[in-house]
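Please read the report below alongside the sequence and the model.

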Amino acid sequence: MAAVMPIPAASRVLLSGNEAVARAVWEAGVKVAAAYPGTPSTEMLEVISTYPDLYAEWSVNEKVSLEVAIGAAYAGSRAFCCMKHVGMNVASDALMTLTLTGVIGGLVIAIADDVGLSSSQNEQDSRYWGRFAHVPVLEPADSQEAYAMTLYGYELSEKYQVPVILRMTTRINHVKSLVEVGERVPHTGAGFKKEPGRFVMVPGNAGKRIPLMFKRDIELRALAETSELNFIEKGSDTRVGFIASGPAYMHVKESFPNAPVLKLGFSCPVPFEKCRELAALVDQVVVVEEVEPLIETELKAQGVNVIGKEILPLQGELSPNVLKPAIARLLGESVPENGPNGRSTAAMPVFPRPPTMCVACPHLGVYYTLSQVRNLTISGDIGCYTLGAGHPWNALDTCVSMGASMGMALGLDKGRGETDKDKRIVAVIGDSTFLHMGMQGLLDMVYNKGNVTVLLLDNRAVGMTGGQDNPGNGRDIYGDTAPRVDFAKLVAALGVKEERIHKVNPYELPVLFKTIRDEVKVPEVSVIITDQPCVLIKDYHKLKPFEVIDDKCTGCGNCIDVGCPAIHVTRRGKEVKASGREVDLAFVRIESSVCTGCGLCVQPCAPNAIVHYAPVSPIKLVGKGCGA
Amino acid sequence: MSENTNILVVGIGGQGVMTATEILAEAAIAMGHDAKKTEVAGMAQRGGVVSSHLRFGQRVLSPQITPGTADVLLGFESAEAMRWQHMLRPGGITLMNTARLVPPVVELGLFDYPEDPLAEIRKTGNKVVAFDATSIALELGDIRLGNTVMLGAIADHLPFPAETLLDCVLKRFQRKGEKLVELNRRAFEAGRAAVGEAEAALA
């Protein structure tokens with residue numbers, strides 16, 4: 001992204017939580033910021049890269065991004081690192097020892113929890129890391145707080161020489177609200193000073209650091225007790241008082257404007273005395289936290305009488321429509337079956353609209369082909385191509401974690417049951433996911449002589465998160481030229497035999513089909529690399545669109561099985577075959593205004609009914625894939 | 001907080017729902033309101049359902065509109081306008097594009113697209129105004145103007161002057177030249193007129 005002039009200080013602007021954190025990172029004088037893209041965290045680093053005076057990078061995975069940030073913080077510079085919740089699972093190896101060494105320059109790690117699962121494989125609670133790694137956790141409730149807590153995070157980090165976790169959720173990262181921004185204060189790093197007893201974590205040194213970590217815990221808890229980020233708002237309705245953190249605080253204030261509330265912004269370590277102070281004001285205390293009962297459990301262990309997950313869900317957001325009935329029930333009040341206005345709040349039944357692959361997506365050809373090859377078990381991975389599990393392809397059987405397709409494919413191979421003995425094992429992984437955590441799995445597969453056909457879908461982008469650059473496409477975060485990985489050479493270096501490596505154009509269905517069918521029969525590791533770009537990035541070039549000659553369409557529906565959203569059914573019918581079997585017919589048209597001429601649907605069309613569009617007047621193509 | 005205005009903008013990924021809501025938020029802020037905008041999007045870039053919430057007023061706490069409390073529902077697509085009816089408050093209004101965007105799961109014969117979403121919405125008793133924003137945009141020469149047509153459509157259903165919203169829309173196109181500004185002005189007015197006419201016909 002190109003650098004732009006930052007918004008002047010003292011402006012009040014509409015910013016998402018991600019944009020607010022980015023602004024604060026710049027204002028704090030951060031020198032190094034690193035991340036791997038992941039919803040809902042991605043925009044933080046994207047926006048940071050538009051600010052001057054700092055270095056930003058897309059790292060190959062979250063662990064590397066944290067290590068880059070740790071190095072910068074050891075060098076005395078301020079550093080920033082962000083990731084989605086599952087990213088910290090990858091990065092935690094570094095975190096758990098970083099907590100012993102601490103930092104010199106401030107280090108804030110923003111972790112974005114996808115509460116509500118808008119685009120994730122699980123809903124874990126990152127506040128656990130604060131307890132596990134003995135580091136403070138700050139929880140903003142809106143963009144202004146995300147901004148302010150990021151700035152404060154650097155002060156806190158440097159004062160206690162501790163990394164600070166900024167725990168965000170989707171409802172913070174992606175909500176836009178007003179933020180008053182300030183001036184940038186440059187920060188000069190002290191430079192790296194050799195201090196092996198602190199920075200070389202061998203057992204003898206680490207053992208001496210552990211008591212310091214526990215001492216720091218006590219100091220941080222005392223600080224949380226007096227922190228301005230933790231405050232009690234008194235209220236007239238003392239039947240229930242609330243302890244709330246993160247966006248749940250806003251939902252509590254919205255739902256119970258007259259109730260006393262303890263707002264925890266500095267939520268780990270938990271300020272127990274402050275919680276007791278609230279408890280003394282009210283009849284009973286309800287802890288409102290997304291997702292796990294962390295504060296609640298700790299308070300109960302302290303003998304503070306609170307309730308929480310007994311009446312609130314352990315999953316999803318605690319929005320007003322969840323909170324209000326739960327508290328009404330607690331108070332023994334009647335809960336209207338319908339909504340706040342006595343009307344039904346049940347949604348009208350409408351078909352589901354799951355995310356689809358884009359018009360002309362290069363993955364369409366891959367999944368169409370996989371759906372045509374019999375007897376496969378397909379180990380999938382994380383990215384746009386996870387959508388291959390859906391209709392019409394149903395050609396992806398597993399999805400667990402980044403890079404898991406590799407190791408799991410080997411496990412599916414080695415752990416075959418009697419019923420799978422003739423099954424062919426295929427693994428499907430994208431370019432960026434492969435570089436993130438797939439390479440090691442492939443190495444393991446080769447080393448241990450697995451029988452797996454790997455489809456490496458190189459679309460030159462981190463597609464699902466918006467087409468970010470990565471080492472596979474030869475561009476860095478600034479769009480500047482960067483060394484580009486040669487996937488064929490890389491997999492050869494990992495030990496895949498040269499004759500088992502194929503580069504295929506995924507729009508050439510017969511070649512793709514033959515290559516997959518041949519390779520699954522070979523009882524060793526093969527890698528088939530597809531090499532066409534994501535349709536949403538600049539490397540993609542549109543071709544002349546197609547249309548259907550209605551008279552020629554026989555209604556066979558083969559083109560629909562490709563799964564392209566530009567193909568629409570015009571009418572349906574039935575035909576009785578010579579065998580007496582009745583088959584459904586679906587006659588189609590192509591929405592030529594969005595078709596970009598990839599030609600995938602043309603190939604399975606037996607009657608040659610799909611031809612280049614011959615417009616009567618010039619048409620305008622829409623900018624992006626799925627538009628209307 | 002009942003004094004807040006709640007606007008729900010719905011459609012599918014790629015239609016510009018989120019941008020439209022952001023412009024509405026900018027207009028509310030220009031009027032001195034506090035505002036929060038949120039959506040459930042995530043994977044919506046891939047043609048999924050998008051619902052974008054805008055709340056504004058003196059002070060906004062929760063960014064989410066509670067079901068049954070939306071003042072206006074701006075629907076970029078017919079079935080999507082139907083999907084979110086339960087979000088409207090009694091007396092709330094739906095302003096909807098009559099465009100039908102049929103997803104692959106319907107084309108595959110796995111689900112049916114509702115025969116007449118407009119009629120289904122009318123059956124609920126909710127007030128609804130329908131217009132063909134896509135055709136209006138195409139008549140003006142570019143389907144991408146549909147977003148501005150939709151903003152024009154809501155312009156007379158806001159607690160502030162339509163001109164404030166128009167200014168915010170046009171500001172977006174200033175850097176791209178006078179021609180595009182003019183085109184968007186016409187798209188905005190066309191959307192506004194379409195809703196005005198449709199409402200007059202209902203009265």
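## Basis of the model

This is a predicted model, in which local features need pLDDT of at least 70 and side-chain atom pairs count only at pLDDT 80 or more, while totals for chains, interfaces and linings use all residues. Residues are numbered from 1 along each chain as its sequence is written, and chains are lettered from A and ligands numbered from 1 in the order in which they are written.

## Chain B

Chain B has eight helices and six strands, where helices (H or I, at least four residues) and strands (E, at least two) are DSSP runs numbered from the N terminus. Along the sequence of chain B the pattern is β-α-β-β-β-α-β-α-α-β-α-α-α-α. The radius of gyration of chain B is 16 Å, close to the 17 Å that the globule rule gives for 203 residues, so chain B is as compact as a globular protein of that length; the radius is taken over C-alpha atoms, and the rule is 2.2 Å times the number of residues to the power 0.38.

The C-alpha trace of chain B spans about 45 × 40 × 40 Å along its principal axes. Of its 203 residues, 57% count as buried, a residue being buried if 20 or more other C-beta atoms, placed from the backbone, lie within 10 Å of its own, exposed if 12 or fewer, and partly exposed in between.

## The nonpolar core

The largest nonpolar core has 245 residues, and those with the most contacts inside it are A:Ile48, A:Ala69 and A:Ile243; such a core is a set of buried Ala, Val, Leu, Ile, Met, Phe, Trp, Tyr and Cys residues joined through C-beta atoms within 7 Å. Helix H1 (residues 17–30) of chain B gives the most to this core, with eight residues. Beyond its neighbours within four places in sequence, A:Ile243 is in contact with residues including A:Leu262, A:Cys275, A:Val287 and A:Val306, contact meaning that the C-beta atoms of two residues, placed from the backbone, lie within 7 Å.

## Where the chains meet

The contact takes 59 residues from chain B and 55 residues from chain A. Strand S2 of chain B gives the most to the side of chain B that touches chain A, with seven residues. By class, that side has 29 nonpolar, 16 polar and 14 charged residues, where Ala, Val, Leu, Ile, Met, Phe, Trp, Tyr, Cys and Pro count as nonpolar, Asp, Glu, Lys and Arg as charged, and the others, Gly among them, as polar.

Strand S8 (residues 176–180) of chain A and S2(B) pair in the antiparallel sense over two bridges; strands pair if DSSP finds at least two bridges between them.

## A:Lys176

A:Lys176 lies in strand S8 of chain A and stands opposite B:Lys37 in S2(B). A:Lys176 is buried, with 27 other C-beta atoms within 10 Å. Not counting residues up to four places away in sequence, A:Lys176 touches, among others, A:Leu14, A:Ser143, B:Glu22 and B:Lys36. The C-alpha atoms of A:Lys176 and A:Val13, which are 163 residues apart along the chain, are separated by 9.4 Å.

## A sheet in chain A

An open sheet of seven strands in chain A has the order S3-S2-S4-S5-S7-S6-S12, with mixed pairing. Its edge strands, each pairing on one side only, are S3 (55–58) and S12 (266–268) of chain A. Strands S2 (residues 32–35) and S4 (residues 79–84) of chain A run parallel and are joined by four bridges, and the bridge partner of A:Ala34 in S4(A) is A:Cys81.
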